[in-house]
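Me: I am new to this structure, and I would like to learn how to read its pockets and its core. Could you take me through them step by step?

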Amino acid sequence: MKNIFDKKVVDEVVGRINKLTPKSAGLWGKMNVAQMMAHCNVSYEMVYTDKHPKPNGAMKLMLKLFVKQPVVNEKPYKKNSRTAPAFLIVDERDFEKEKQRLIDYLIKTQELGEDHFHNKESHSFGPLTKTEWNNLSYKHLNHHLEQFGV
């Protein structure tokens, strides 16, 4: 798995994002390209803002037991996988705004670096290693960029 904390990898991912246009069509799924970027931004909102309420103790336990491993391992996501409710984007979004937010979040994450994230508390899964943070971030972005052909 590529390392999202490596500047070269972030530059590559940003290059892929910059190939998207408002007319880019998904190869699967229901989201348009602006919604997809807003969906990807939710992961970063959960790291950098208090916009999303944290799951309660019972829900967090369920997430750790049943969702965490498929999310943080290196196995790619399947097409049309179920999306958690907080990640569902059904309203229209501004393409340029979501694109810039995503790029800014990527750069911020890379600049903070893997040491900042090692054993950092995840919104839903508890503390994650730097490898788990990397896998969670890179795998999700790669999945959706492939969804839109870049």
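**Pockets and core**

Reply: By class, the lining of the largest pocket has 24 nonpolar, 14 polar and six charged residues, where Ala, Val, Leu, Ile, Met, Phe, Trp, Tyr, Cys and Pro count as nonpolar, Asp, Glu, Lys and Arg as charged, and the others, Gly among them, as polar. This is a predicted model, in which local features need pLDDT of at least 70 and side-chain atom pairs count only at pLDDT 80 or more, while totals for chains, interfaces and linings use all residues. Residues are numbered from 1 along each chain as its sequence is written, and side-chain values use heavy atoms, with hydrogens and water left out.

Me: Which residues lie nearest the centre of the largest pocket?

Reply: Rolling a probe the size of a water molecule over the atoms shows where empty space is left. On a 1 Å grid over the protein atoms alone, a pocket is an open set of points where a 1.4 Å probe fits, with protein on both sides within 12 Å along at least five of seven lines, and lining residues have an atom within 4 Å of a point. Here 44 residues line the largest pocket, and His39, Arg82, Thr83, Ala84 and Phe87 lie nearest its centre.

Me: Which residues touch the most other members of the largest nonpolar core?

Reply: In soluble globular proteins, nonpolar side chains tend to be buried together. A nonpolar core is a set of buried (under 20% relative accessible area, 1.4 Å probe, protein chains only) Ala, Val, Leu, Ile, Met, Phe, Trp, Tyr and Cys residues joined through side-chain atoms within 4.5 Å. The largest one has 32 residues, of which Val13, Met36 and Leu106 touch the most other members. Beyond its neighbours within four places in sequence, Leu106 is in contact (heavy atoms within 4.5 Å) with Ile4, Val10, Val13, Val14, Ile17, Tyr44 and Leu141.

Me: What lines the second largest pocket?

Reply: Its lining includes Met1, Trp28, Tyr138 and His143, and by class it has five nonpolar, two polar and four charged residues.

Key. Buried means under 20% relative accessible area, exposed over 50%, partly exposed in between (1.4 Å probe, protein chains only).
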